[in-house]
Amino acid sequence: MRPAGRMEGFTLIEISIVITLLAILSWVAYPSLNSINEIRLDAAARRVASDLRYAQNRAIGSRTIHGVRFDVGAGRYIVYAGNSGAAIVNPADRGKNLAVTFAALAETRGVSIESAAFGATPGVTFDFYGVPRDSAGVELVSPGRVVLLFQGQRDTVEVAPQTGAIRVP
């Protein structure tokens, strides 16, 4: 039995406490959601840099031209050897070629290639000294860049001319 005149429900103080707790939780959770986006973009940039370094090291080690060709519209790139343009074997997955499509990988899904510029071409090759050249074989005179885009944020991978140093600034 209820006492006469007493209504059921929550008091204003209880509702205020719940709203305050929800506000604090959302304030704490928002930066971690935003950092997930940054992690995804950073993972894609580091993957590109790693594959560029791999192509450069393979060129030096095998004394054969190796390169990376970017397909900006499709959001993918391929690491190849020689002039044939055929993909090399992926060292992490021996049964597959080293061709990366960002949409197919869970850790980079949603990342796109905004631009890839190495001289006048969207690809870069490395000679057996590790010196970067554009896809036409002309030595780079300015840094080559790959710009990645994810939800309005950009990250850049740079290849320095002459030395071929690869960095994610």
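Ile19 lies in helix H1, residues 12-62. Helices here are DSSP runs of H or I with at least four residues, strands are runs of E with at least two, and both are numbered from the N terminus. Ile19 is exposed, at a relative accessible area of 53%. The cut-offs: buried is under 20% relative accessible area, exposed is over 50%, partly exposed is in between, with a 1.4 Å probe and protein chains only.

A word on the source. This is a predicted model, where local features need pLDDT of at least 70, side-chain atom pairs count only at pLDDT 80 or more, and totals for chains, interfaces and linings use all residues. Residues are numbered from 1 along each chain as its sequence is written, and side-chain values use heavy atoms, with hydrogens and water left out.

Back to Ile19. Together with Phe10 and Ile15, Ile19 forms a nonpolar patch on the surface. The three share about 350 Å² of accessible area. Areas come from the Shrake-Rupley method with a 1.4 Å probe, and for residues only the protein chains shown count as cover. Patch members have over 30% relative accessible area and no salt bridge; like charges are joined within 9 Å, and nonpolar side chains (Val, Leu, Ile, Met, Phe, Trp, Tyr) within 5 Å.

Now the overall picture. The protein has one helix and nine strands. From the N terminus, the order is α-β-β-β-β-β-β-β-β-β. The C-alpha atoms fill a box of roughly 95 × 35 × 25 Å along the principal axes. The radius of gyration is 25 Å, while a compact globule of 169 residues would have one near 15 Å. That radius is taken over C-alpha atoms, and the globule rule is 2.2 Å times the number of residues to the power 0.38.

Of the 169 residues, 33% count as buried. The protein exposes about 10,300 Å², and carbon and sulfur atoms supply 59% of that area. Contacts next, meaning heavy atoms within 4.5 Å. Take those with a separation of 6 or more: 53% are between residues 24 or more positions apart.

On to the core. Which residues touch the most other members of the largest nonpolar core? They are Val48, Leu52, Phe70, Phe102, Val146 and Leu148, in a core of 29 residues. H1 gives the largest share of this core, eight residues. Elements giving two or more residues are H1, strand E1 (66-71), E2, strand E4 (112-117), strand E5 (123-126), strand E7 (144-150) and strand E8 (153-159). A nonpolar core is a set of buried Ala, Val, Leu, Ile, Met, Phe, Trp, Tyr and Cys residues joined through side-chain atoms within 4.5 Å.

Look at Val48. Beyond four places in sequence, Val48 is in contact with Phe70, Tyr77, Phe102, Val146, Leu148 and Val157.

Gln56 is also in helix H1. Is Gln56 buried or exposed? Gln56 counts as buried, at 10% relative accessibility.

Over to strand E2, residues 76-81, where we find Ala81. Ala81 is partly exposed, at 22% relative accessibility. Leaving out residues up to four places away, Ala81 touches Ile65, His66, Ala86 and Ile88. Ala81 and Ala165 are 84 residues apart in sequence, and 19 Å apart in space, C-alpha to C-alpha.

Last topic: charges. A salt bridge is a side-chain nitrogen of Lys or Arg within 4 Å of a carboxyl oxygen of Asp or Glu. How many salt bridges are there by this rule? The count is nine.

One of them pairs Arg47 with Asp51, with the closest N and O atoms 3.1 Å apart. Arg47 and Asp51 are about one helical turn apart, because they are four residues apart in helix H1. Arg47 is partly exposed at 26%, whereas Asp51 is buried at 6%.

Then a network: salt bridges link Asp127, Arg133 and Glu139. Asp127 bridges to Arg133, closest N and O atoms 3.2 Å apart. Arg133 also meets Glu139, at 3.9 Å, N to O. How accessible is each? Asp127 counts as buried, at 10% relative accessibility. Arg133 is partly exposed at 24%. Glu139 is partly exposed at 36%.
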